[in-house]
Amino acid sequence: MSPSAIPSFTGDARPYGGGEPYADYRAADLPFTHHPDLADRRLGASAIAANDEFFAERENLLKPGPAEFDPERFGHKGKIMDGWETRRRRGVSAAAPHPADDDHDWALIRLGAPGIVRGIVVDTAHFRGNYPRAVSVEATALPGAPGPDELLAEGVKWTTLVPRTAVGGHAANGFAVDAERRFTHLRVNQHPDGGIARLRVYGEVAPDPGWLAALGAFDLVALENGGRVEDASDRFYSPAVNTIQPGRSRKMDDGWETRRRRDRGNDWIRYRLVEQSEIRAVEIDTAYLKGNSAGWAAISLRDGTGAGGGAGSGTGGEWAGILPRTALQPDTNHRFVLPEPAVGRELRIDIYPDGGISRLRVFGRLTDRGAARLEARHQKLGG
């Protein structure tokens, strides 16, 4: 789907008339949502500042899961919404009661992991007549952990990812982004005021090679370090990307679980490591998967950079086993030290026959070749 083919929603939604509040929600399939959400709180993302949050606080923008709606929930300021909502802007006088054309509210977002943004969803769920008329999104890249004053200082270069665009109420407003640069922070603007329920920022993690080099051995498949899921046999109950999220799983659906197989096959996930690496140990965690954990697992590796095996192609070289089919226990973290280091860039875990795992950790370090390629990409992206 090209950016021009992404459905556009504008105008009010109907007033809530009772029943299921999502029944008339406007949404569409978007071409970029297979990427991880760089603004995921689990990665460490934060809504660090906003100019106004009179009705509902900015932190709601990054809450996991869809926005909830309680028609009976009111506070001393009015209706309490599960999103970020600002007060109504006014003009400067009775003769000019309307806000000026450039009046707007803003929120600053720190991405959980620096990366290349491929698409943005500005979700106005349940904001039916109180959504912004238009939105725009800008991005910048600054080192360290800058505060609001540093981000808003003169001289900070902001790149427009989404130009000022009309949006609709009670809708998932999606925008494809074409900016081959690495960003750390976003500025979300709503024109002139209103409410946004959720913000999702889909993209590819672009880690700092200097940080990874300082770590020495680290988790080569972790999402925050630049690892990613390339493909999976089954995503029925939960996405495979959960297996490379930070921290341990805290509930069953915070891992990867497949449907029950009724054939003689098995389920699997294929990953791309941050770059070509030397692997020394792996962890397979089945936390909170008790009656539905995988019975056995095996891990194989290949370089993924041979003829026809460029990034993302999944066709480079032969698979070589680094962990034979091994029994797994429910709700248990399993640790395996490899008998000798294994070099590669693509990794596959096969589980038998079905079930799930909550996390996969792959420990080692970049090869010299992998480190050089990662540094070259970092520089190309403006690092």
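This is a predicted model: local features need pLDDT of at least 70, side-chain atom pairs count only at pLDDT 80 or more; totals for chains, interfaces and linings use all residues.
User: Why is R128 called buried?
Analyst: Its relative accessibility is 9%. Buried means under 20%. R128 therefore counts as buried.

User: Where is R128 placed?
Analyst: R128 is in the loop between β5 (105-123) and β6 (134-140).

User: What makes the pairing of the R128 and D24 side chains a polar contact?
Analyst: The separation is 2.8 Å. The cut-off is an N or O pair within 3.5 Å, so the pair qualifies.

User: Which residues is R128 in contact with, leaving aside its neighbours within four places in sequence?
Analyst: Among them are D12, R14, Y16, D24 and H170.

User: Why does N189 count as buried?
Analyst: N189 has a relative accessible area of 4%. The limit is under 20%, so N189 is buried. N189 is found in strand β9 (residues 183-191).

User: Which side chain makes a polar contact with the side chain of N189?
Analyst: That of E138, at 2.9 Å. The limit is within 3.5 Å, so the term applies. Beyond its sequence neighbours within four places, N189 is also in contact with residues including H104, W106 and S136.

User: Is R345 buried or exposed?
Analyst: Buried. R345 has 12% relative accessibility, and exposed would require over 50%. The residue lies in strand β18 (residues 333-352).

User: What makes the R345 and E275 side chains a polar contact?
Analyst: The value is 3.2 Å. The cut-off is within 3.5 Å, so the pair counts.

User: How many residues apart along the chain are R345 and Q276?
Analyst: They are 69 residues apart, with C-alpha atoms separated by 4.4 Å.

Note on methods:
Residues are numbered from 1 along each chain as its sequence is written. Side-chain values use heavy atoms; hydrogens and water are left out. Helices (H or I, at least four residues) and strands (E, at least two) are DSSP runs, numbered from the N terminus. Buried means under 20% relative accessible area, exposed over 50%, partly exposed in between (1.4 Å probe, protein chains only). A polar contact is a pair of N or O atoms within 3.5 Å; within protein, one must be able to donate a hydrogen and the other to accept it, and residues adjacent in sequence count only if both atoms are side-chain atoms. Contact means heavy atoms within 4.5 Å.
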